Amino acid sequence: MADCSQAGSGRHSMDKSITLPPDEIFRNLENAKRFAIDIGGSLTKLAYYSTVQHKVAKVRSFDHTAKEVDGDPLYEISVQEEITARLHFIKFENAYIETCLDFIKDHLVNTETKVIKATGGGAYKFKELIEKKLRLKVDKEDEMSCLIKGCNFVLKNIPHEAFVYAKHADSEFRFQNTHPDIFPYLLINIGSGVSIVKVESEDKFERIGGSSIGGGTFWGLGALLTKTKRFDELLQLASRGQHTSVDMLVKDIYGGAYGSLGLTGDLIASSFGKSATTDKEFSKEDMAKSLLHMISNDIGQLACLYARLHSLTRVYFGGFFIRGHPVTMHTITYSINFFTKGEVQALFLRHEGYLGAIGAFLKGAEEDNPNQYSWGENYAGSSGLMSVSPDLNPMQRVRSGTFDMLEMDRLERQLVNLPLLQDPSSYIPDTVDLTEDALARQYWLYCFEEALDGVVNRAVASQPDLPQAVERAEKFRQKYLHKLQTLRHQPFAYGSLTVRSLLDTREHCLNEFNFPDPYSKIKQKENDLALRYFQKVVRSLEKLTWEQRQFALVKGLLAGNVFDWGAKAVSDVLESNPEFGFEEAKHQLQERPWLVDCYDQWIARLKGPPHKCALFFVDNSGIDIILGVFPFVRELLCRGTEVVLASNSGPALNDVTNSELQILTERIAAMDSVIQAAIKEDRLTLVQSGSSSPCLDLSRLDKALAVVVRERHTDLVVIEGMGRAIHTNYYAALSCESLKLAVIKNSWLAERLGGKIFSVVFKYEIPPQSPGLRR
């Protein structure tokens with residue numbers, strides 16, 4: 001328990017009430033630039049923008065014009081300080097507002113603002129307190145417009161923001177892919193009453209209806225019926241109740257179903273109907289449950305009618321009545337399913353409680369135009385979605401006295417869909433949803449925990465001369481271990497749990513403790529070594545016949561992909577046997593026929609006309625990119641195909657980054673006339689993917705990459721590696737030809753796919769209506 005009582009004095013003390021370490025509350029507050037606050041009836045949501053200073057790994061090329069590659073390294077690595085923007089959103093009970101304001105006042109150093117944007121019903125009530133404590137002028141913003149602005153922001157920037165609630169399913173939260181165009185949608189905000197808002201664009205929305213029967217009605221009538229004054233306690237009563245004791249059902253009137261009208265016997269005919277005809281006392285639990293059903297059904301029918309009237313299928317629910325409570329989400333979901341016959345789903349939002357604060361902040365930050373950037377959730381600093389259902393959450397934390405947090409980092413690049421996705425609205429990056437696959441979830445959580453010691457050792461080894469590296473690495477271990485433990489019990493905490501999200505969470509935690517590129521020195525060494533063999537590999541390929549060369553090129557691609565430090569089976573070999581090289585990797589590969597073998601179809605296609613342009617998502621540094629990818633790319637260029645090489649914008653494991661690839665390409669061009677001519681004639685282009693992940697989300701790519709893809713009329717996409725082609729995008733449907741290839745370097749996964757370790761996936765796909773089909 002963190003004791004923050006020294007942060008300020010007052011009636012309310014935070015002592016013994018905050019369950020997060022003090023260095024995780026109000027992070028980077030000393031660099032806060034702008035504030036907003038949303039104060040509801042029981043919860044306060046604070047938003048602020050800060051600048052975050054962290055370390056980044058930079059590479060700079062040495063001048064090799066007068067010397068050979070032998071000797072000095074190809075490039076130098078330096079760790080530099082960089083400042084980036086971060087949004088912080090914190091949610092806590094109103095009881096702690098005075099102490100929190102004192103804490104903020106005592107730690108505020110560099111703020112430039114004189115105003116704090118405020119929204120919510122409590123903004124007026126606490127106006128004087130806020131102005132007195134923070135010496136900032138409170139500028140009140142319209143509650144509904146803030147809500148809409150916040151909703152737009154999370155839908156655009158957090159891929160797994162919306163979910164369907166399924167009470168009795170293995171996974172209670174089923175996350176939905178956000179449509180590339182989030183508009184139009186219906187927002188049902190259930191506060192004291194109900195507001196129904198149609199949102200058509202960023203700045204165009206209209207309240208098209210509502211009702212006075214909402215959360216306040218449930219609370220008020222519930223208090224009269226049960227003498228229970230707290231809203232959460234009322235919901236707890238409802239969760240234990242049986243509404244059939246109080247409600248009159250169809251079968252109570254007709255003895256069964258009313259078939260001619262299509263009414264089942266268990267349908268509620270009259271809410272509280274039995275109370276007029278039965279001479280008995282009803283339990284508080286049963287009355288609370290009946291009341292909840294009555295109000296939820298009324299809201300559900302209203303939402304259904306407005307959705308049909310305006311031809312809308314996306315209907316989001318929010319407000320304090322929802323607040324992530326399973327019992328309210330379940331009753332709303334049931335109601336919507338019943339009235340629409342399953343045609344419309346009730347959608348809920350992971351960060352629904354923050355919408356007002358986000359919107360108020362965005363209104364105050366319009367001069368910085370935050371919507372021109374893409375933002376990403378920082379898993380290291382965010383609490384995640386917590387279940388409040390005791391039977392579903394053995395690690396349930398008490399909502400009272402805890403601080404929930406959301407952090408979002410501004411990304412350097414604006415992210416968009418790959419234009420070649422067949423249907424962006426149905427694209428799902430991840431192959432397996434671990435939220436729903438319990439066996440796979442158990443394995444991968446174990447796998448990542450087992451690999452943690454190796455990651456910690458690698459992080460320390462990457463910074464031998466920097467102070468406190470061991471201490472920072474240990475903090476990283478504890479943080480990531482805590483995340484894994486949380487995900488064991490709450491796999492839905494950050495949306496759909498996937499291998500990608502586990503990898504990304506690890507990268508976020510490494511960056512949090514200033515380990516920006518733990519594999520930088522390994523990549524440098526392997527790049528230097530592989531370059532020495534490039535010309536030899538090219539010469540050996542040129543001696544082969546056309547058919548022999550095509551197979552050798554593909555085998556080289558696959559052998560290069562073996563060199564993946566993210567796979568424990570490989571890293572163990574590389575650590576214990578430094579002599580393991582390109583030829584040894586070829587011998588490890590599965591013999592044909594491969595696990596997935598479309599090689600014959602690929603060769604048949606190559607005998608036809610060349611592709612116009614190939615987009616190649618590359619994977620690892622060293623042997624993979626230099627001896628595997630570049631000879632393959634060289635062959636495509638010789639065929640007359642333009643090539644775009646897409647590499648990570650930032651480091652992840654031993655994946656090659658764009659800055660490293662620029663240097664490698666320059667050096668290879670100096671050795672090879674084909675590559676040199678292609679660069680000079682603009683037939684070989686290097687682009688950033690916009691990602692810093694070992695996996696690949698084709699719906700969040702650098703906008704500049706999308707422009708190049710369109711301009712070059714790209715008709716072939718090559719995706720390489722387990723992370724990009726197996727864990728993600730294995731089922732991705734593209735509107736052009738695609739080649740997905742990888743070596744399976746994990747025994748458990750290989751067996752699950754029906755193979756063994758080092759099995760090969762070589763998947764060539766032609767979309768319907770593609771010219772490839774007519775050849």
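Contact here means heavy atoms within 4.5 Å. The structure is a predicted model.

Start with Asp 564. This residue sits in the loop between α17 (546–561) and α18 (568–576). Is Asp 564 buried or exposed? Its relative accessibility is 9%. Buried means under 20%, so Asp 564 counts as buried. What does Asp 564 touch, leaving out residues up to four places away in sequence? Its partners are Val 570, Ser 571, Asn 620, Asn 654 and Lys 745.

Now turn to the nonpolar cores. The largest one holds 109 residues. Within it, Trp 444, Leu 502, Trp 602 and Leu 645 touch the most other members. Helix α21 (residues 623–639) gives the most to this core, supplying 10 residues. Take Trp 602 and set aside its neighbours within four places in sequence. Trp 602 then contacts Val 554, His 611, Phe 632, Leu 716, Leu 739, Phe 762 and Tyr 764. Another core lies apart from the largest one. It has 42 residues, including Phe 163, Ile 196, Val 246 and Met 329.

Finally, look at a pair of helices. The axes of α12 (residues 452–461) and α13 (residues 469–489) come within 9 Å. They cross at roughly 150 degrees, which makes α12 roughly antiparallel to α13. The crossing is right-handed. On the α12 side, Leu 452, Asp 453, Val 455, Val 456 and Val 460 make the contact. From α13 come Ala 469, Val 470, Ala 473, Phe 476, Arg 477, Tyr 480 and Leu 481. By class, the contact of α12 with α13 has 10 nonpolar residues, two charged ones and no polar ones.

Notes:
Residues are numbered from 1 along each chain as its sequence is written. This is a predicted model: local features need pLDDT of at least 70, side-chain atom pairs count only at pLDDT 80 or more; totals for chains, interfaces and linings use all residues. Side-chain values use heavy atoms; hydrogens and water are left out. Axes are lines fitted to C-alpha atoms, for helices over the stretch in contact, and angles run from 0 to 180 degrees between N-to-C directions. Helices (H or I, at least four residues) and strands (E, at least two) are DSSP runs, numbered from the N terminus. Angles under 35 degrees count as roughly parallel, over 145 as roughly antiparallel, 65 to 115 as roughly perpendicular and the rest as oblique. A crossing is left-handed if the near helix is turned anticlockwise from the far one by less than a right angle, and right-handed if clockwise. Ala, Val, Leu, Ile, Met, Phe, Trp, Tyr, Cys and Pro count as nonpolar, Asp, Glu, Lys and Arg as charged, and the others, Gly among them, as polar. A nonpolar core is a set of buried Ala, Val, Leu, Ile, Met, Phe, Trp, Tyr and Cys residues joined through side-chain atoms within 4.5 Å. Buried means under 20% relative accessible area, exposed over 50%, partly exposed in between (1.4 Å probe, protein chains only).
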